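Please look at the model below.

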Amino acid sequence: MFEWLGLAPDIVAILFAVALVAGFIDTLAGGGGLIALPALLMTGVPPIQALATNKLQGTAGTLTATLMMFRHRRIRWQQARWLMLLAFIGSAVGTVIVQLINTTVLHWVIPIVLVMILVFFITQKIPETGKQVSTKRQRLFRRFAVPVIGGYDGMFGPATGSFFALAGVSLSGRSLIDATALAKCLNFATNVASLLVFAVGGKILWATGLVMIIGQLIGAYIGSHTLYRMNVQVLRWLVVFMCSAMLLRYLWG
């Protein structure tokens with residue numbers, strides 16, 4: 001049945017299940033790649049193809065979540081389109097830069113930033129509703145945080161959704177749930193930019209990606225419906241858990 005995919009049935013089942021869980025978790029707290037990428041590597045996919053294929057299936061998940069946010073008017077196109085464009089441009093620039101620099105520095109930067117996210121979400125009171133912030137902070141969010149995080153996603157990628165959520169809460173004054181919803185839209189824009197580069201380079205394993213896309217679509221759909229029904233404190237500690245898992249992955253992976 002799965003001969004046309006070039007995959008054994010048990011591998012198909014594993015990748016589908018992994019992608020479904022990754023899509024669900026990524027929609028709520030980010031870090032889905034922490035689940036999906038190792039699964040691809042364990043099936044014998046070479047690292048660069050694993051990164052590219054993970055970006056393909058991750059893009060499908062963020063697309064699903066983004067469409068659900070727009071459909072249910074959790075995020076309005078008028079308020080998100082320019083932010084998505086800035087995120088896209090940042091990601092495209094980051095993808096170019098990563099080919100020109102020594103990326104080993106990122107292995108030191110990422111754990112430091114993950115610790116900062118953990119400290120923020122553990123120590124700060126997370127509002128259940130949005131709050132007013134200064135015009136300066138709003139401008140900092142739009143003109144600096146969004147394109148810079150987009151650039152990071154183009155260069156490396158892990159925890160991008162968590163970075164966007166943190167910036168949305170701390171700089172834009174959004175509640176954690178609203179910041180997470182916007183993060184999905186921005187993460188979709190950054191994913192598309194990186195995916196285009198990988199596609200041009202011929203690095204994507206399309207058959208493997210197709211299996212995972214189906215799982216991602218289902219997981220992201222369920223996650224999108226769960227997000228606005230979730231207690232903000234539960235979401236907060238889910239973000240903390242996923243960031244902790246990513247931090248452990250970098251320190252001891």
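Q: Where does Arg73 lie?
A: Arg73 lies in the loop between helix H3 (47-71) and helix H4 (77-97). Helices here are DSSP runs of H or I with at least four residues, numbered from the N terminus. This is a predicted model, in which local features need pLDDT of at least 70, side-chain atom pairs count only at pLDDT 80 or more, and totals for chains, interfaces and linings use all residues. Residues are numbered from 1 along each chain as its sequence is written, and side-chain values use heavy atoms, with hydrogens and water left out.

Q: Why is Arg73 called exposed?
A: Buried means under 20% relative accessible area, exposed means over 50%, and partly exposed is in between (1.4 Å probe, protein chains only). Arg73 has 59% relative accessibility, so Arg73 counts as exposed. Arg73 also has a positive phi of about 60°, although it is not a glycine.

Q: Why does Ile101 count as partly exposed?
A: The relative accessibility of Ile101 is 39%, and therefore Ile101 counts as partly exposed. Ile101 lies in the loop between H4 and helix H5 (106-123).

Q: What makes a nonpolar patch on the surface, and which residues form it?
A: Patches are made of residues with over 30% relative accessible area and no salt bridge; nonpolar side chains (Val, Leu, Ile, Met, Phe, Trp, Tyr) are joined within 5 Å, and like charges within 9 Å. Trp82, Leu85, Ile89, Val93, Val96, Ile97, Leu100 and Ile101 form such a patch, with about 760 Å² of accessible area together.

Q: Which residues gather in a patch of positive charge?
A: They are Lys136, Arg139, Arg142 and Arg143. Lys and Arg count as positive, and the place of a charge is taken as NZ of Lys or CZ of Arg. Arg143 lies in helix H6 (residues 135-155), and counts as exposed because its relative accessibility is 62%.

Q: How do you know that Lys55 and Asp153 form a salt bridge?
A: A salt bridge is a side-chain nitrogen of Lys or Arg within 4 Å of a carboxyl oxygen of Asp or Glu. For Lys55 and Asp153 the N to O distance is 3.5 Å, and the side chains meet in a salt bridge. The pair links distant parts of the chain, with Lys55 in helix H3 and Asp153 in helix H6, 98 residues apart.

Q: Why are Lys55 and Asp153 called buried?
A: Lys55 has 12% relative accessibility, so Lys55 counts as buried. Asp153 is buried because its relative accessible area is 3%.

Notes:
Areas by Shrake-Rupley, 256 points an atom, 1.4 Å probe, with all protein chains shown as cover. Helix = DSSP H or I, 4+ residues; strand = E, 2+ residues; numbered from the N terminus.
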